[in-house]
Amino acid sequence: MPPIQTDRLVLNELTADDAGFILELLNEPSFIDNIGDRGVRDLDGAVRYILDGPVQSYARNGYGLWRVDLRDSGEAIGMCGLLKRDTLPDPDLGYAFLPRHWSRGYAVESGTAVLQHARDALALPRVLAITDPDNQSSIKVLQRLGLRFERMVRIGEEDLRLFSTEPGE
């Protein structure tokens, strides 16, 4: 897939070469608290996470989580993209950024680009998002992206807020 570009960001598919960045991101306390502990503790684990998750999703679904880079410097600052979960009827938007890059509008900017790609290139009629009910920062991002709270859902052991771009049936 060609990169998705915005004014300040470039979104690219993750590759095994991104293992160091993924190792750092997935072990941030904020990632573990808000998204979950993926059990990635070394570079080999990060490579497995990339190959078994995003790379398989690109091949199977035509989308996945993309690395978000600053356009000017090329620095990897987070990931944003679409996930297909067995527990949800439609793809959902996911994102995570290194804390040193929070509060700069990158989640909204990359999320807007991903939603536009979902609509225009992938022709997806509806995109979902889930978040912890207490994660006010993420809720604000989803609202700024135009997603609306639909209902509470239980996924595994967690009760989560479900947002959508279009009302469900």
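Buried, in what follows, means under 20% relative accessible area, exposed means over 50%, and partly exposed is in between, with a 1.4 Å probe and protein chains only. By that rule Asp69, at 7% relative accessibility, counts as buried.

A word on the model. It is predicted, so local features need pLDDT of at least 70 and side-chain atom pairs count only at pLDDT 80 or more, while totals for chains, interfaces and linings use all residues. Residues are numbered from 1 along each chain as its sequence is written, and side-chain values use heavy atoms, with hydrogens and water left out.

Back to Asp69. This residue is found in strand β3. Helices here are DSSP runs of H or I with at least four residues, strands are runs of E with at least two, and both are numbered from the N terminus. Contact means heavy atoms within 4.5 Å. Not counting residues up to four places away in sequence, Asp69 touches Arg8, Leu9, Val10, Asn12, Gly74, Glu75 and Ala76.

Next, helix α4. It covers residues 106-120, which is 15 residues. From first C-alpha to last it reaches 21 Å, close to the 21 Å expected at 1.5 Å a residue; the expected span is 1.5 Å times one less than the number of residues. How many residues of α4 are buried? The count is 11 of its 15, and the helix is mostly covered. Among the buried ones are Tyr106, Glu109, His117 and Ala118.

Now the core. A nonpolar core is a set of buried Ala, Val, Leu, Ile, Met, Phe, Trp, Tyr and Cys residues joined through side-chain atoms within 4.5 Å. In soluble globular proteins, nonpolar side chains tend to be buried together. The largest core in this model has 45 residues, and Ile22, Met79 and Leu93 have the most contacts inside it. Elements giving two or more residues to this core are β2, α1, α3, β3, β4, β5, α4 and α5. Which element gives the most? That is α4, with seven residues. Apart from this core lies another, of seven residues, among them Leu88, Val153, Leu160 and Leu162.

Leaving aside neighbours within four places in sequence, Ile22 is in contact with Leu14, Ala46, Tyr49, Ile50 and Met79. Two packed helices are described by the angle between their axes and the distance between the axes. Helix α1 (residues 19-26) and helix α3 (residues 43-61) pack at about 95 degrees, with their axes 8 Å apart. Therefore α1 is roughly perpendicular to α3. For the conventions: axes are lines fitted to C-alpha atoms, for helices over the stretch in contact, and angles run from 0 to 180 degrees between N-to-C directions. Under 35 degrees counts as roughly parallel, over 145 as roughly antiparallel, 65 to 115 as roughly perpendicular, and the rest as oblique.

On the α1 side the contact is made by Ala19, Gly20, Ile22, Leu23 and Leu26, and on the α3 side by Leu43, Ala46, Val47, Tyr49 and Ile50. These residues divide into nine nonpolar, one polar and no charged. In that scheme Ala, Val, Leu, Ile, Met, Phe, Trp, Tyr, Cys and Pro are nonpolar, Asp, Glu, Lys and Arg are charged, and the others, Gly among them, are polar.

Also in α3 is Asp44. Is Asp44 buried or exposed? At 55% relative accessibility, Asp44 counts as exposed. Asp44 and Leu23 are 21 residues apart in sequence and 9.3 Å apart in space, C-alpha to C-alpha.

Last, the loops. Ser103, between β5 and α4, is not a glycine but has a positive phi of about 60 degrees. Its relative accessible area is 83%, so Ser103 is exposed. Ala123, in the loop between α4 and β6 (128-131), also has a positive phi, of about 55 degrees, although it is not a glycine. Ala123 is exposed, with a relative accessible area of 58%.

Leu147 is in the loop between α5 and β7, and at 3% relative accessibility Leu147 counts as buried. Beyond four places in sequence, Leu147 touches residues including Leu115, Val127, Leu142 and Phe163.
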